[in-house]
Amino acid sequence: MSEMTDWVPLRWPSQWQDPALLRLLEQTPINCLVIAGQHSNLKPLIERARARGLALAAPEVEAQGGLPAIPWTTRAKVSWTASAPVLAISENLWPGIPAPSGGGADAGPTGVPWVDSNGWFIQLARTRAPSKTFWLAYDPPPKAQFLRAESYLLAAADAETYGARWVISMDGRLRAGLVAKDTQAVETWKKLATALSFFKARRQWNQFRPLNVMAVISDFAGPNEEVSHELLNLAARRPLPIRILEKSRAVKATFEGLKAIVYPDQQPPATELQKKLLAFARNGGLLIAGPKWPGPEGAPAPGDAYERFQVRSVGKGRLATSKEDLLDPYLLVMDSHLLLSHRHDLLHFFNAGSTNSYYTASPDGKKALVQIVNYSMRPAGHPISFTTQERYRAARMWTFESAAPVPLEVQAAGGGSDVHLPPVGVYAAIELEK
Amino acid sequence: MQSQITRRQWLSGLGAAAAGLAASAPTAPVVVAKCKTYGAELLPTLERMFDQLGGLGRLVKGKTVAIKLNLTGAPTYRMGYRPAELAQWNHPRSIAATLHLLAKAGAHRIRLLESPWSTAEPVEEYILCANWDPSEILNAAPRVEFENTNYLGRGKKYSRFAVPGGGYMFKAYDLNHSYEDCDVFVSLAKLKEHGTTGVTLSMKNCFGSTPCTIYGDGAPKDEPSRFPIGGRGPFHSGNRQPAGFTENDPKSPRQAGYRVPRVVADLVAARPIHLAIIEGIETMAGGEGPWIRGVRPISPGVLIAGANCVTADAVATAIMGFDPMADRGTPPFERCDSTLRLAEALGVGTRDLKRIEVRGTPIREALVKFRA
């Protein structure tokens, strides 16, 4: 049996009592069955699964009958310091573009479609408990009329892109279709298996470090939870990649590569962190904080035209303190991006309004990776392209649909590179080489 | 479609008085020049064109000049892989060349105006997202500044521009102060078709001068919002009245093809354009931006300039392969009224090529059919 951290979990449907259904797991990377609730009637199935070397687990709160228990909590109750190597988290979003009751797509405050994604939360979770493997549980929306195969691919990609596992969960139609060997259901299942295999074969990407120039330092809890969490969610949509730093560890954290730090918490930081943040600003960084920042130093910066912030020159850098409490995460992320300037954007995307992205670099720094998750699940009218601030000499694109990567056209653009993508369905990973 | 227009509305656009104004609408020369690239030939070509118009000095020396740019749509849009400046936007080198020549002619100060899509961000930040370097524009001449005119901006209050004769749609329009705080107003447009108005040239470019804090979908009912939200639905579909304004005829058609050309004609009558420059070196056919289905790149390699926006747009329309005397139902105005005809009827300028002196390259030599 593989290590728990390598498990690819499937929430086994309670209706599936026939051990013969384990055939569905053949030629898939799924190696763990999550059995929830009463399972006395699943005994033959469980025995057959064990005999096949499949791992079995149960949500901790429901663990019965000797199955290994996985800590399984809501986002708000995660014990980040738990000893278990795997933490499962519930109350997540089924990824996609939510359709409002009136039809069409909701326009978010960013002017692009609103998307439901768990990406920002996974990044936060991996920051708070770096040694853990996270499973995210989310079920198909109960009111969905018909889920296309792409919806399942998106469900997998939304977790795997950011280094987590999705606890695979099927809607009634897919469950019934697989039992009946319905062609369309089997095709959906094969596509999902291909996507899961794709990610499993590339677990090393999870060791890549996120590329960013702005950090958010917070305790991400209590009275600061709402603003700090939504700040991360909205930053992902701009896209403004964020380095997440937990306040309790920020004093020992490196600020290398950062150009700006946002401190959104209501309470001023402890003296030691305050000193470190001010040193960051004096050395040329931009520090953005709330109105309770203690005794802001420095002279008002020339050309301070920022409506909601007072900007002061501090050494070689700037300190921007808001004039009012930082209660609106939308305004905060917009202002923070503006204070920093788009000049420092690491990537500019084009025709990518329904996508989120994750930009990382290999440990040796020789390769970069841009993963794109398309929440509309279909190619845009015009193809996606992006411009990198850094120059790359070659690019190739991986998708679920192709066993081999596709070489991409890369053009010099200023000091960086312009990368042209063919149509992107649900997911694409672009490897960039210096 | 036309049957929905009442006699009163018909008269408001084509009445006998208006017809009289059209016949006597002023004319002015238009200069046309071939220019294949945005390279070394651009600056001397533009300079020669301005000389053919009688020189910029007499217009701008010692003056504050405001230039309305065309940076339509979000900076994250591309037609295929083409940068915005080779499709839906002005090219930064066209802007820089114009700035250089205005400064050379003695302009005291130059403001670059645009109302970027649904944001109060500085224009400099907006164009950075399209990979432009604002310093290349700001350094093209002394005393150049950008202003985002989609909201109050640096002004303390909006400037009100009354439409002579009362206007088709509104008696007056409130704009950012920069449209008033200038001695010379330039419309630097792109040679394009338009999904709503048939063509978008120097006149339609001014539609983007209207602040969405007042004329936007997210504007409050009675007074402007602080920041712009969304597009100009109240103009397009008449789904609501702008903040603090009521249109002349609240029962007028709720069709964009009726409303938008009239708003544009109103605007250019209320805020006259002193210099129209239409850039058609690299552009797009089939619509004004990548969001229009079926658009394609086109390289007319042409520049057009004139001191009258209607005559300049008429010549540009002809160069695109259309008849500037055409109206609703005829290309490029299949589903809209002609802004050219409406502006002409307000006495802004003539669209009749027989009354327009074309200098430089003749229309037939510059002709690039936008439709096959």
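What share of the contacts in chain B with a separation of 6 or more comes from residues 24 or more positions apart? Such residues account for 74% of them, where two residues are in contact if their C-beta atoms, placed from the backbone, lie within 7 Å.

The legends below concern a predicted model, in which local features need pLDDT of at least 70, side-chain atom pairs count only at pLDDT 80 or more, and totals for chains, interfaces and linings use all residues. Residues are numbered from 1 along each chain as its sequence is written, while chains are lettered from A and ligands numbered from 1 in the order in which they are written.

**View 1. Chain B.** Chain B holds 13 helices and 14 strands, where helices (H or I, at least four residues) and strands (E, at least two) are DSSP runs numbered from the N terminus. The C-alpha trace of chain B spans about 55 × 45 × 40 Å along its principal axes. Its radius of gyration of 19 Å agrees with that of a compact globule, because a globule of 372 residues would be near 21 Å; the radius is taken over C-alpha atoms, and the globule rule is 2.2 Å times the number of residues to the power 0.38. Of the 372 residues in chain B, 57% are buried, a residue being buried if 20 or more other C-beta atoms lie within 10 Å of its own, exposed if 12 or fewer, and partly exposed in between, with C-beta atoms placed from the backbone.

View 2. Chain A contains nine helices and 25 strands, and its C-alpha trace spans about 75 × 50 × 45 Å along the principal axes. Buried residues make up 43% of its 434 residues. Chain A is divided into domain 1 (4-206), domain 2 (212-344) and domain 3 (347-433), with bounds that come from an automatic or database domain assignment. The centres of domain 1 and domain 2 of chain A, taken over C-alpha atoms, are separated by 35 Å, and the contact between these domains takes 11 residues from domain 1 and nine residues from domain 2.

**View 3. The seven-stranded sheet of chain A.** This open sheet has the strand order β11-β10-β12-β13-β16-β15-β14 (chain A) with mixed pairing, two strands being paired if DSSP finds at least two bridges between them. Its edge strands, each pairing on one side only, are β11 (242-246) and β14 (299-300) of chain A. Strands β10 (residues 214-218) and β12 (residues 260-263) of chain A run parallel and are joined by three bridges; A:M214 has A:A260 as its bridge partner in β12(A).

**View 4. The four-stranded sheet of chain A.** Four strands form an open sheet in the order β17-β20-β24-β23 (chain A), and the pairing is antiparallel. The edge strands are β17 and β23 (409-413) of chain A, each of which pairs on one side only. Four bridges join β17(A) to β20(A), and A:L347 stands opposite A:T388 in β20(A).

**View 5. Where chain A touches chain B.** The contact takes 17 residues from chain A and 15 residues from chain B. On the side of chain A that touches chain B, β17 (347-350) and β20 (385-388) of chain A each supply at least two residues, and β17(A) gives the most, with three residues. By class, this side of chain A has five nonpolar, 11 polar and one charged residues, where Ala, Val, Leu, Ile, Met, Phe, Trp, Tyr, Cys and Pro count as nonpolar, Asp, Glu, Lys and Arg as charged, and the others, Gly among them, as polar.
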